[in-house]
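Please examine the arrangement of strands and helices in the structure shown below. The paragraphs that follow begin with a sheet and then turn to the helices beside it.

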Amino acid sequence: MKNSLAHILSERFGISEQELEDAKKSSKQKGSTLSEALLRSKSLSETDYLKALSISYDLPYWQDLPISNAPADFTEKVGIQFLKKFTLAPIFIAPPQPDNGDGGQPAAPNAADKCTIAINDPAAYQAVDDLVRILELTDYDVILANKETILSTINMYYDTSLDSAEQLVQDMEETGSKIISEIEDTADLLDDTSDAPIIKLVNHILSKSVKARASDIHIEPYQNQFKVRYRVDGILYDFLTPAKWIQPALISRIKVMAKMNIAEKRLPQDGRLEIKIGDQNIDVRISTLPTSFGERVVLRLLNKTSSVFKIEELGLAPDRMALVQQLSSSPNGIVLVTGPTGSGKTTTLYSILSSINKPEINIITIEDPVEYQLPGISQIQVNPKIDLTFARGLRSIVRQDPDVILVGEIRDQETAEIAVQAALTGHLVFSTLHTNDSASAVTRLVDIGVEPYLISSSVLAVVAQRLVRRLCSHCRKPYLPDDLGLRRVGITTRQVQKHVFYKAVGCEKCFNTGYRGRIGIFEIMIMSDSIKSLILQTHDSNRIKNEALRLNMKSLRVDGIQKVLKGMTTIEEVLRVAHR
């Protein structure tokens with residue numbers, strides 16, 4: 001039979017009879033479908049398998065699903081678990097509306113509109129019939145789509161259908177409910193069907209923070225109110241100001257989720273939890289601090305689904321990129337990355353490690369905390385409770401025959417001395433320091449207790465960095481800066497004539513901030529012979545920096561100006577992070 005699935009897989013996609021037989025046996029043994037067995041054996045991609053099904057069943061295959069608005073009562077009628085179990089998603093496409101010339105919005109979809117049901121398995125016809133009956137559909141088509149595409153569409157429906165934070169707070173104020181349910185958190189917050197208002201509010205705050213790309217959530221108590229704020233791209237924005245009486249219930253719910261002591265409100269506490277929102281896995285670290293008006297809570301969000309940046313995506317200019325690649329291929333020595341908390345130091349180091357990660361290189365890290373899992377790299381988590389400190393861990397790492405070592409942070413003399421000794425005995429060491437610029441790293445190491453001659457002989461380079469917000473490409477607007485702004489950053493008249501300057505405006509895509517994402521600005525101080533000689537004479541950071549600038553080192557501000565001239569960011573952003 002020419003239209004049989006086996007014939008199509010063989011003729012069009014090169015699947016041999018033996019591969020097909022093996023897949024059938026595997027599917028029977030493991031209780032899986034034929035498609036899962038073929039995908040597991042890597043004989044076929046999901047897209048090719050769906051294309052084969054498309055021919056066999058005469059059903060269209062859609063690579064992408066259009067974003068559509070579901071009827072208002074859709075999520076009330078159909079449970080998210082049902083759609084995810086059978087991997088199907090209805091796509092509501094409203095018929096074209098006549099243009100009356102009034103500029104009105106097209107009508108919202110309803111159950112009578114044309115519906116296209118996306119499925120991943122044509123054998124799920126019973127589930128399709130159930131969905132048609134539930135939604136009372138009279139006109140619908142069935143198409144095939146990839147599993148991840150369908151699941152993303154389902155998550156979008158249920159994420160956008162969540163009540164607004166203001167509505168949830170209003171409902172709580174009307175009911176006056178102060179009951180805290182100490183139930184275990186569900187695997188996916190979008191699946192949580194709990195009716196408890198406080199649980200719905202916490203789930204909503206968490207899911208919206210992920211959608212807004214927030215790195216932190218701040219819950220701040222004051223005398224007559226408390227605020228919920230998000231930090232997005234390094235800047236705090238107000239999100240919600242609920243009634244004061246909701247404060248203890250909200251904080252207790254968060255502490256219950258993190259298995260913290262809800263009875264202890266006088267001492268600071270730390271906790272953590274893992275949540276899943278749609279297809280994203282989020283690691284949440286929680287810190288509480290008692291204040292005069294109640295506990296202050298900060299939640300640090302780490303999206304583990306996000307991949308580590310490639311070194312090309314950090315924002316390094318081509319000449320600096322070549323410099324970093326040269327440093328990362330050095331056989332030994334120390335490369336330090338400096339900057340304040342939240343300036344992207346760890347991200348930069350992870351990107352460098354990923355770029356040099358090869359089977360023939362043994363890379364071991366010791367961090368606090370381990371922020372991303374890097375395949376092929378051994379990562380150690382600092383644990384002070386059992387006396388696993390940076391120094392103790394580093395001493396053990398050296399005995400593990402490493403080629404490259406990452407030390408999360410040099411905090412004390414013992415850690416610094418072991419790192420220096422490791423560098424001098426043939427290891428390439430990467431680490432971070434909290435200093436304002438590259439030259440200050442030398443002063444900091446001397447203050448810790450490292451001898452200047454050890455610094456000059458072991459340190460290869462110091463990279464100082466900051467993060468500036470990247471202009472939203474959808475709403476940025478050209479403008480001509482005033483003379484004062486140009487003088488403050490040192491932009492010349494010639495540069496003004498040759499480049500276009502942009503300012504932040506704000507739109508829906510960037511949450512009306514005018515910025516979307518961040519990019520690094522860098523200052524790389526290479527330990528030249530003259531700088532090494534100067535370190536042996538003095539550890540004055542100003543003299544060291546002047547010498548580095550004389551040797552053509554580009555400062556943070558100069559790198560920031562270059563990104564302003566390229567239209568990546570604004571003058572205000574560069575002044576904010578590199579004011580000197």
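**A sheet and its helices**

Seven strands form an open sheet of mixed pairing, in the order β12-β11-β13-β14-β10-β15-β18. Strands are DSSP runs of E with at least two residues, helices are runs of H or I with at least four, and both are numbered from the N terminus; two strands pair if DSSP finds at least two bridges between them. The edges are held by β12 (378-381) and β18 (515-526), each with a single partner strand, so one side of each has no neighbour in the sheet. From one strand to the next, the twist averages 20°.

The model is predicted: local features need pLDDT of at least 70 and side-chain atom pairs pLDDT 80 or more, while totals for chains, interfaces and linings use all residues. Residues are numbered from 1 along each chain as its sequence is written, and side-chain values use heavy atoms, without hydrogens and water.

Within the sheet, β13 (residues 404-407) and β14 (residues 428-433) run parallel and are joined by 4 bridges. V404 has L428 of β14 as its bridge partner. Helix α15 packs on the sheet, where it touches β10, β13 and β14 (contact means heavy atoms within 4.5 Å). The direction of α15 makes about 135° with that of β10, angles running from 0 to 180 degrees between N-to-C directions, with axes fitted to C-alpha atoms, for helices over the stretch in contact.

Helix α15 (residues 413-424) also packs with helix α14 (residues 390-398), at an angle of about 20° and with axes 8 Å apart. The two helices, α14 and α15, are therefore roughly parallel (an angle under 35 degrees).

Technical notes: Parallel < 35°, antiparallel > 145°, perpendicular 65-115°, else oblique.
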